[in-house]
Structure formats: structure tokens, C-alpha cells
Amino acid sequence: MPFSCLPASLYPEISRGERTLAGWFRLAAEIGLDGADISVAHLDSLQSPYLDGLRRQAQDAGVVIAGMVTYTDFTHPDPAVRSQHRQELRSYIDAAAQLGVSFLRVTAGQNHPGVKRQDGVSWAAEGLSEWVDEAKAAGVTLVYENHAIGYVWTYFDFSQTASVFLEICDRTAGSGLQLLFDTANLLAVNDDPLAVLDAVLPRVAAVHVSDIRQAGSFEPVLIGTGVTPLNAIFERFRKAGFDGWISVEEASKTGEEGFRRAIPTVRELWQI
């Protein structure tokens, strides 16, 4: 089973230039990961020479760039902004292919004030589905996440609640769009992650393992110390024969020690 990690705790350091992506790749290899995930927010360029260099840095460290996260905002009330995000996604697909990325995370968009549910669902379904075939042809799997809030966002995700997420899943059924299941985000709005997982499991291509302090609020903690029912979630995946990427979303803000504790915890829980 391949394991990777999304280094959310390190985002501020990477953004400020205090830690490089090459440094992140070396840390990921040091703690025994197969892959190291990245955010498009930290790409300096989408030009081929830069991307080739980034891929070599990962290879030299001994990992692959397994996943890349975008912040697609298909629910923005301005159609020009929605169009911009659709075109940006096409560019990110090309970049992901050049980096050797297996899965590219896409999001519905932010919960912008005044956007009606039916409009947001329609806009999100359209944007999420538009480039699925092109991504597949490039060897990249587009995965739609039951997301909470993006690093570069102001508002929480339009589809953070189970009902909206599942409606968008229904609207994109048959499009080829697959899913990235986050283990904790639904709990942050008092929804049941197990019920949602049961409804969508055949479409899940990758997993974000995360944990929160308590139901009803979005407060990430060191994985295994919160309330997320990881044992039950993993049991469902094991019974289904899941063999995709398991990405540990380390967002506890406990420094490198958080990574060194989270990765073994997730491996142990998966093997129970």
C-alpha cells in the first residue's frame, strides 16, 4: 500500500521560503514515505524546465510526487472567475503529468455569500467534470474531495456538508471523476463520515487521513489523538480491497515531530 503525505503544517514555512520543496521531499523520504504531496500554491512556475527540475529533486530524494492539490473555485459568483479556474485546472493537469503526479485534487469551490445551492451545485459539477478525459489521457486521476477550507481561501468549501457533497457526486456520476475521501472533514460539520464513505466508496481513488479535536469544529490535531473513527474507516477500505494512495494530511502544527509520529500511527492503524 503506497503512503504519501500532504505537509499542511509546513505550508507557512514553504510559502515564506524558509523550507524548500526539495527539503520537504528529503523529509518525506527520511520518514519512510513512498510519495510526497505538494500544493499548487507552492509552484514557482508551470514551465517545463522548472517542473522537470522539481521532479528530479523528488527522485533524487527517493520519493515520487504522488499527489498535488489545487483550489479550484467553480462556485464563484462571477462567471469570468469560474472560467479562469477552469482554464487554470487545464494547465495544472499538464503540470501534474509532467511531474508524474498520480492524483490531482480538485475542489467544488468556496461557499461564497449569496450563491444559491442549485447554482453552486451546477457550476461545480460542470467545472469538476470538464477535463476528466484530458486528465485521464495524460495519466492523471482527477479526484474531488469532501473538503473543508483551502490554504488560499477566505470561505469554507461550498460542498463541505454531506448533503451538498453527495449531490455533486450524483451530478458527476458517469463522468469519470473520482474522489479523494478525507477522513475528518465531514465531522467538522457534524456529518457522519462512515455514512458518506459507504455511499461513495467505489469512486474513491485516494484517501486524505486527517483528524480533528472534536466534532462540530475544524481544528486539526495530530492523527490518532482526535475523534475521527479511523479504525472503522480503514476497515471499510480494507474490506473493499482499496489499493490507492493513502495520503496523511499532517496539519497539527507540531513541527517535524508531528510528521514523525503521524506516519507510523497511520501505518499501524491501516494494518490492524
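**Aromatic pairs and packing**

Analyst: In this predicted model, a search of the whole structure finds 7 aromatic pairs.

User: Why is the pair of Tyr144 and Phe165 called tilted?

Analyst: The ring centres of Tyr144 and Phe165 lie 5.0 Å apart, and their planes meet at 40°. Planes under 30 degrees apart would count as stacked and those over 60 as edge-to-face, so the pair is tilted.

User: What makes the pair of Phe156 and Phe218 edge-to-face?

Analyst: The planes of Phe156 and Phe218 are at 85°, with ring centres 6.1 Å apart. The cut-off for edge-to-face is over 60 degrees, so the pair of Phe156 and Phe218 is edge-to-face. This pair also connects distant parts of the chain, 62 residues apart: Phe156 is in the loop between S5 and H7, while Phe218 is in the loop between strand S7 (204-209) and helix H9 (230-239).

User: Why are Phe156 and Phe218 described as partly exposed?

Analyst: Phe156 has a relative accessibility of 35%, and Phe218 has a relative accessible area of 34%. Buried means under 20% and exposed means over 50%, so Phe156 counts as partly exposed, and Phe218 is likewise partly exposed.

User: How do you know that Val69 is buried?

Analyst: Val69, in strand S3 (residues 67-69), has a relative accessibility of 2%. The cut-off for buried is under 20%, so Val69 counts as buried. Leaving aside residues up to four places away in sequence, Val69 touches Leu6, Tyr11, Ile38, Ser39, Val40, Arg105 and His208.

User: What makes Arg238 count as sitting over the ring of Trp270?

Analyst: The charged end of Arg238 is 5.9 Å from the centre of the Trp270 ring. The distance limit is within 6 Å, together with an angle within 35 degrees of the ring normal. Arg238 sits over the ring of Trp270. Arg90 lies over the face of Trp131 in turn, at 5.7 Å from the ring centre.

User: Why are helices H2 and H3 called roughly parallel?

Analyst: The axes of helix H2 (residues 21-30) and helix H3 (residues 48-61) cross at roughly 25° and come within 8 Å. Angles under 35 degrees count as roughly parallel, and H2 and H3 are therefore roughly parallel to each other. Their crossing is right-handed. The contact involves Leu21, Ala22, Phe25, Arg26 and Ala29 of H2, together with Tyr50, Leu54, Gln57, Ala58 and Ala61 of H3.

User: How do you know that H8 and H9 are roughly parallel?

Analyst: The axes of helix H8 (residues 193-200) and H9 come within 10 Å and cross at roughly 10°. With the limit at under 35 degrees, H8 and H9 are therefore roughly parallel to each other. H8 passes H9 in a right-handed crossing. Pro193, Leu194, Leu197 and Asp198 of H8 make the contact with Ala232, Ile233, Arg236 and Phe237 of H9.

User: Which residues of H7 are buried, and what do they pack against?

Analyst: Ala162, Val164, Phe165, Ile168 and Cys169 are the buried residues of H7. The buried residues of H7 pack against helix H5 (117-129), S5, strand S6 (178-182) and H8.

Terms used. Residues numbered from 1 in each chain as written. Predicted model: local features only at pLDDT ≥ 70, side-chain atom pairs only at ≥ 80, totals over all residues. Heavy atoms only, no water. Phe/Tyr/Trp six-rings, centres within 6.5 Å; stacked < 30°, edge-to-face > 60°. Helix = DSSP H or I, 4+ residues; strand = E, 2+ residues; numbered from the N terminus. Buried < 20%, exposed > 50% of the residue type's maximum accessible area, 1.4 Å probe, protein only. Axes fitted to C-alpha atoms, helices over the stretch in contact; angles between N-to-C directions. Parallel < 35°, antiparallel > 145°, perpendicular 65-115°, else oblique. Left-handed = near helix turned anticlockwise from the far one by under 90°. Contact = heavy atoms within 4.5 Å.
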